[in-house]
Amino acid sequence: DQMLEGATCVICQEIIHRATSVLPCLHSFCSSCLGRWLRKPETGSCPTCRGSLTGVSRNHVLEGIIDGVLKAYPGRVRDPKQIAELDEQDLLHQSEYDVSKLRPDLARRAGVPLGPARRASDDEDTDAERSDSGSDRSRSGSESRPTAIFAAPAVPAPPCFHCRGPSMNTLEEAVAGMASRPTDATNLAQRALQGNAFERGVVEEWLTSRAQTMQTALLSLLAEPNPTGVPPVNVILERLHPDGTGPALPATGTWANLRACRSCGSCVLSSLVYTLRERIPAAELPARAQGRETCWYGRNCRTQRTRPAHAARLNHICNGTR
């Protein structure tokens with residue numbers, strides 16, 4: 001059906017949510033999907049035609065069409081929990097669809113007027129304030145935000161290593177806190193592996209076979225995240241450095257004593273969990289995880305969250321090719 005095809009996001013292969021179009025080509029995607037696509041350093045063009053991007057805009061006309069499509073195809077309506085996750089992770093919506101806030105480097109190349117980078121100090125409520133408010137994301141019930149392991153320091157502490165906003169504890173202290181909160185390890189893996197329960201099971205089984213826990217594995221990674229001979233940890237942070245540069249993480253040496261805010265700290269730990277899974281040698285994977293074809297959309301595939309058979313059949317520990 002041509003109408004159904006036109007209402008489908010090519011990134012997640014689901015009906016578009018918060019239709020957002022790339023300018024000037026006008027190809028449309030889920031706002032959250034497009035934001036995640038553009039946030040990756042290696043991307044900066046339309047996911048469909050790879051044409052140059054000069055901006056993005058909400059497509060309200062298409063949203064009206066999508067409402068009609070969903071009435072005609074009620075089976076394609078997304079689960080409310082999935083919609084909530086999309087909204088929570090919608091970087092474009094959070095940046096008010098200003099490309100310059102999301103990717104200053106991309107904005108410069110594209111000639112988009114460069115707006116001020118979003119900083120932690122610009123937020124209406126900082127991480128420290130959120131910890132005492134009802135808007136704290138750790139209370140929202142979403143498993144994608146492992147913020148509970150970060151706590152405000154008892155005394156004033158140096159700012160976050162990356163965004164320079166108010167910091168919580170060190171990365172090592174956050175991981176050490178998992179000992180008293182076992183569910184934090186599960187929630188962290190859930191976020192790191194994009195809700196893919198199959199891959200989470202692979203990691204947990206591998207750790208158990210080596211008499212390790214997620215906590216001990218992360219402490220080892222923090223001590224030496226980038227040893228010689230392996231690809232470095234790829235950390236994607238949601239917040240921007242004050243000068244608009246990438247993650248302010250040491251290329252060598254330990255990360256254990258880095259002090260972070262909730263957002264930046266959670267992103268680093270999630271990246272370490274993904275790296276842990278990525279570095280498991282193929283020969284050490286459970287038989288059910290060996291010899292699988294690779295999903296075109298890789299780690300950003302939305303279907304891996306909601307369709308266990310898809311998550312088990314295809315490998316998602318890779319970058320997407322679409």
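Is Cys-25 buried, partly exposed or exposed? At 28% relative accessibility, Cys-25 comes out as partly exposed (buried is under 20% relative accessible area, exposed over 50%, partly exposed in between, with a 1.4 Å probe and protein chains only). Keep in mind that this is a predicted model, where local features need pLDDT of at least 70, side-chain atom pairs count only at pLDDT 80 or more, and totals for chains, interfaces and linings use all residues. Residues are numbered from 1 along each chain as its sequence is written, and side-chain values use heavy atoms, with hydrogens and water left out.

**Cysteines**
- Searching the whole structure turns up zero disulfides (a disulfide is a pair of cysteine sulfur atoms within 2.5 Å).
- For Cys-25, the closest cysteine sulfur belongs to Cys-46, and at 3.6 Å that is too far for a bond.
- Cys-264 has its closest cysteine sulfur in Cys-261, also 3.6 Å off and too far for a bond.
- Cys-264 is buried, at 1% relative accessible area.

**Helices H12 and H13**
- H12 (residues 214–223) and H13 (residues 262–278) have axes that come within 10 Å and cross at roughly 100 degrees (helices are DSSP runs of H or I, at least four residues, numbered from the N terminus; axes are lines fitted to C-alpha atoms over the stretch in contact, with angles from 0 to 180 degrees between N-to-C directions).
- That makes H12 and H13 roughly perpendicular (65 to 115 degrees).

Notes. Helix = DSSP H or I, 4+ residues; strand = E, 2+ residues; numbered from the N terminus. Parallel < 35°, antiparallel > 145°, perpendicular 65-115°, else oblique.
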